[in-house]
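Here's a quick tour for anyone meeting this protein for the very first time. Have a look at the picture, then read on.

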Amino acid sequence: MATLDEVRPQLDSARHGYLSTASADAEPHLQPVVFQVVGEAVYIAIDEKPKTTLRLRRLTNIEENPRFALLVDRYDDDWSRLWWILLRGPADVLWPSEWDANESAAAVAALRAKYPQYESMGMEERPLLRLRPDRVTRWSASGDYS
């Protein structure tokens, strides 16, 4: 097992990951996501890309069953360079009406710094996912995570 601080450099440089959630009746759902680590949490924005509703499956799943898994990996045809990091723990949905102003401002600023596409999006009116990993597992073919 590793700590979030030990894998932070890889998570900071990673461009995307795969978020796994499950409904109350254990129906799995896997979604590619972009994310940013701030403090001891990982934040995922629900952005303005076209969606039919804000009641997205990943949000309703977390409200019903707060456990998540986030897989971040590096693939290379040179298999000695392969690595992955798996974060697991509880998550919650932060609706704008429930936001702590300091926490949400820091999360939105960090997401915008990592993903310039967010600069023009009104993220302050949309929910954020807050993932609080309590289990961090990692693997590397060579012991190198660069």
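## Helix H2 and its cover

Let's start with helix H2: its buried residues are covered by, among others, E1, E2, strand E6 (83-94) and strand E7 (128-131). Keep in mind that you're looking at a predicted model.

Which residues of H2 are buried? In this helix, spanning residues 57-64, they are Arg 58, Leu 59, Asn 61 and Ile 62. Looking down the axis of H2, you'd find these buried residues within an arc of 165°, so they line one face of the helix.

## Helix H1 and its cover

Helix H1 takes up residues 4-13, and its buried residues are Leu 4, Val 7, Arg 8, Gln 10 and Leu 11. The cover over them includes strand E3 (36-38), strand E4 (41-45), E5, E6, helix H3 (101-114) and strand E8 (135-140).

Strand E1 (residues 17-22) and strand E2 (residues 28-33) run antiparallel, joined by 6 bridges. Across the pair, Ala 22 sits opposite Pro 28 in E2.

Between the two strands of this hairpin there are 5 residues, and Ala 26 adopts a positive phi near 70°.

## A nonpolar patch outside

On the surface, Tyr 18, Leu 30 and Leu 71 make up a nonpolar patch, with about 260 Å² of accessible area together.

Leu 71 belongs to strand E5, which covers residues 67-74. Why does Leu 71 count as partly exposed? Because its relative accessibility is 31%, and partly exposed lies between the buried cut-off of under 20% and the exposed one of over 50%.

Methods:
Residues are numbered from 1 along each chain as its sequence is written. This is a predicted model: local features need pLDDT of at least 70, side-chain atom pairs count only at pLDDT 80 or more; totals for chains, interfaces and linings use all residues. Side-chain values use heavy atoms; hydrogens and water are left out. Two strands pair if DSSP finds at least two bridges between them. Helices (H or I, at least four residues) and strands (E, at least two) are DSSP runs, numbered from the N terminus. Patches are made of residues with over 30% relative accessible area and no salt bridge: like charges are joined within 9 Å, nonpolar side chains (Val, Leu, Ile, Met, Phe, Trp, Tyr) within 5 Å. Accessible areas come from the Shrake-Rupley method with a 1.4 Å probe; for residues, only the protein chains shown count as cover. A salt bridge is a side-chain nitrogen of Lys or Arg within 4 Å of a carboxyl oxygen of Asp or Glu. Buried means under 20% relative accessible area, exposed over 50%, partly exposed in between (1.4 Å probe, protein chains only). The arc is that of the directions from the helix axis to the C-beta atoms. Contact means heavy atoms within 4.5 Å.
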